[in-house]
There are 2 protein chains.
Amino acid sequence: MVARTRFDADPCPVARSVNAIGDWWSLLIVRDAFDGSRRFGEFHRSLGIAKNILTTRLRALEKAGVLRGEPAREGGSHREYLLTDKGRALFPVIVALRQWGEEQCFTPGEDHSRLLDRRTGHPLRPLRIEAADGRPVEPEDTVVEKVRETGAAG
Amino acid sequence: MVARTRFDADPCPVARSVNAIGDWWSLLIVRDAFDGSRRFGEFHRSLGIAKNILTTRLRALEKAGVLRGEPAREGGSHREYLLTDKGRALFPVIVALRQWGEEQCFTPGEDHSRLLDRRTGHPLRPLRIEAADGRPVEPEDTVVEKVRETGAAG
């Protein structure tokens, strides 16, 4: 696992992101939140991880401002975890991982879950990397502009 | 860290992806490969991680088919690590993490590296999640269609 303090001040937004998200468990918690999970028990059933691991990940996601914990609306002792605006902004990350997984990580014919457009029932369009003017760009068409103060990669 | 075998057969492409990528170090290695790093020493300088950790991550990325190790073209004992097509297909994942980090993980005015269109020098367009017909979709406009055999979340 990444030593979390290492990237706190990293000038690379990719490193900052992975630092803020935490670990893969945290990202799968975010995935489940997009899929409608709100309660500890829902995340626990979905992920099948130890409760203490889930607890620490939920707290870290709250601290990072990705989830917001609040008392369940119907009362009782339940606590609900909702995506903040910052958390909702992770949707493209989840979609990008999903599309890569669909394309690269299954054998032909193997069943997998799919993210569908609710209105039409069709899968979403594959993500496209575009220049500001809408031209599609390949990795080679891009360059990382580094900042001065460190030697860290972009 | 995620127990890697857990998601080998997961029907969710997000889980398969994180399983195939490995951990955050692995993803930052992939980032550096997009930025032009090829040699062990280049990854090592950029990431500042222990050599044994870098070695195991490079091997895992080779095994996952994301990187391809081969002798350096100019000869010598160097080995170079190049992105495979499967690895190159991770570009949207890196871009999505980068854009989220830029937007959410820096204080105003704080310097960060930027991914620029080589031709114009401008930043790329923010990723848009679109339906098959090009309509922009929000998370609420989507639904995960699960597969039958497990109770795992999509």
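**Ground rules.** Helices (H or I, at least four residues) and strands (E, at least two) are DSSP runs, numbered from the N terminus. Residues are numbered from 1 along each chain as its sequence is written, chains are lettered from A and ligands numbered from 1 in the order in which they are written. This is a predicted model, where local features need pLDDT of at least 70, side-chain atom pairs count only at pLDDT 80 or more, and totals for chains, interfaces and linings use all residues.

**Entry 1, end of a helix.** I started at helix 1 of chain B and looked at what comes next: G22(B) follows, and its phi is positive, near 110 degrees.

I call a residue buried if 20 or more other C-beta atoms lie within 10 Å of its own, exposed if 12 or fewer, and partly exposed in between, with C-beta atoms placed from the backbone. What lies over them?

I counted 6 helices and 4 strands in chain A. Read from the N terminus, the order is α-α-α-α-β-β-α-α-β-β. The C-alpha atoms fill a box of roughly 55 × 45 × 30 Å along the principal axes. Chain A has 154 residues, and 43% of them count as buried. For contacts I use this test: the C-beta atoms of two residues, placed from the backbone, lie within 7 Å. Of the contacts in chain A between residues at least 6 apart in sequence, 39% join residues at least 24 apart.

I checked UniProt, where an unreviewed entry lists residues 12-109 of chain A as "domain: HTH hxlR-type". UniProt positions are given in the numbering used here, feature names are shortened, and annotations may be inferred rather than shown by experiment. In the model, this span is 60% helix and 10% strand, and its end C-alpha atoms lie 38 Å apart.

The same surface serves both copies, as 100% of the contact residues of chain B recur in chain A.

How many residues of chain B are in contact with chain A? I get 73, and they meet 73 residues of chain A. On the chain B side, helix 6 gives the most, with 13 residues. That side divides into 41 nonpolar, 12 polar and 20 charged residues; Ala, Val, Leu, Ile, Met, Phe, Trp, Tyr, Cys and Pro count as nonpolar, Asp, Glu, Lys and Arg as charged, and the others, Gly among them, as polar.

Strands pair if DSSP finds at least two bridges between them. I found 4 bridges joining strand 4 of chain A to strand 3 of chain B, and the two run antiparallel. V144(A) stands opposite L115(B) there.

D141(A) is partly exposed, because 15 other C-beta atoms lie within 10 Å. Leaving aside neighbours within four places in sequence, D141(A) is in contact with D117(B), R118(B) and R119(B).
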